[in-house]
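Please read these notes with the structure open beside you.

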Amino acid sequence: MNAALVEPFPQVGVLMMRAYADLARVEQAKNLDEVLDLGPLELLPRPWDVTSCRDAGLRREVWDWLDAVVGWLNPQHAWLADSLIPGCWPRHPHLVHEIGCLADQRRRAGLAVTSELLEEWHRYALPQFLDRIHTRTRGICDDGHKNPPSTTRTARYLAAAAADARQELFAQDIA
């Protein structure tokens, strides 16, 4: 059996479809009374931001979809090895956030009735994303996942003494 020359973009699952349908209702509502049944709008899950998905089933579905999107992006769009999204991408929060947005934009472009959004995705979103991947990861995880070079500096920032010093500066500024 021959493999397809071009693979289709991964589809979202049932829970993600429901989340997107709720967001579409909010977007199309003439007034908020029409969507009161959805609860607080700021708590609606936004599948491009996995941190907003509090339901375990939905969150799992989003992770699986993002993984499928990366599995699609690498062979379909990353020509050079340094443009590939590393397999350890879930361990890199900056990649998780960016992949979620890129995947959502591609999903929306695929649903459009004209090619404009898809052309914009190809022209702007994808190349800029791939450039950022190349710049930010610099092949650091080519031979397996490694902690970011900034780990020590981040630990110092999070240390209690550093936090206290910042709070003191804030207090001085307010005074």
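1. Helix 2 has 22 residues, and its first and last C-alpha atoms are 31 Å apart, close to the 32 Å expected at 1.5 Å a residue. The expected span is 1.5 Å times one less than the number of residues. Helices here are DSSP runs (H or I, at least four residues), numbered from the N terminus. This is a predicted model, in which local features need pLDDT of at least 70, side-chain atom pairs count only at pLDDT 80 or more, and totals for chains, interfaces and linings use all residues. Residues are numbered from 1 along each chain as its sequence is written, and side-chain values use heavy atoms, with hydrogens and water left out.

2. Which residues of helix 2 are buried? They are Leu 58, Glu 61, Val 62, Trp 65, Leu 66, Val 69, Val 70, Trp 72, Leu 73 and Asn 74. Buried means under 20% relative accessible area, exposed over 50%, and partly exposed in between (1.4 Å probe, protein chains only). These buried residues of helix 2 pack against helix 1, helix 3 and helix 4.

3. Two packed helices are described by the angle between their axes and the distance between the axes. Axes are lines fitted to C-alpha atoms, for helices over the stretch in contact, and angles run from 0 to 180 degrees between N-to-C directions. Helix 1 and helix 2 pack at about 105°, with axes 8 Å apart. Helix 1 is therefore roughly perpendicular to helix 2 (angles of 65 to 115 degrees count as such, under 35 as roughly parallel, over 145 as roughly antiparallel, and the rest as oblique). Val 14, Leu 15, Met 16, Ala 19 and Tyr 20 of helix 1 meet Gly 57, Leu 58, Glu 61, Val 62 and Trp 65 of helix 2. By class, this contact has eight nonpolar residues, one polar and one charged. Ala, Val, Leu, Ile, Met, Phe, Trp, Tyr, Cys and Pro count as nonpolar, Asp, Glu, Lys and Arg as charged, and the others, Gly among them, as polar.

4. Between helix 2 and helix 3 the angle is about 80° and the axes are 10 Å apart, which means that helix 2 is roughly perpendicular to helix 3. Contact (heavy atoms within 4.5 Å) involves residues including Trp 63, Trp 65 and Leu 73 of helix 2 and Val 96, Ile 99 and Arg 106 of helix 3. This contact has eleven nonpolar, one polar and three charged residues.

5. Helix 2 and helix 4 pack at about 100°, with their axes 13 Å apart. Helix 2 is roughly perpendicular to helix 4. Trp 72, Leu 73 and His 77 in helix 2 meet Trp 121, His 122, Leu 126 and Leu 130 in helix 4. Five of the contact residues are nonpolar, two are polar and none is charged.

6. The largest nonpolar core has 32 residues, of which Trp 65, Leu 73, Trp 89 and Ile 99 touch the most other members. Such a core is a set of buried Ala, Val, Leu, Ile, Met, Phe, Trp, Tyr and Cys residues joined through side-chain atoms within 4.5 Å. Helix 2 gives the largest share, eight residues. Leaving aside neighbours within four places in sequence, Trp 89 is in contact with residues including Trp 63, Asp 67 and Ile 99.

7. Is Leu 36 buried or exposed? Leu 36 lies in the loop between helix 1 and helix 2, and its relative accessible area of 60% makes Leu 36 exposed.

Methods: Helix = DSSP H or I, 4+ residues; strand = E, 2+ residues; numbered from the N terminus.
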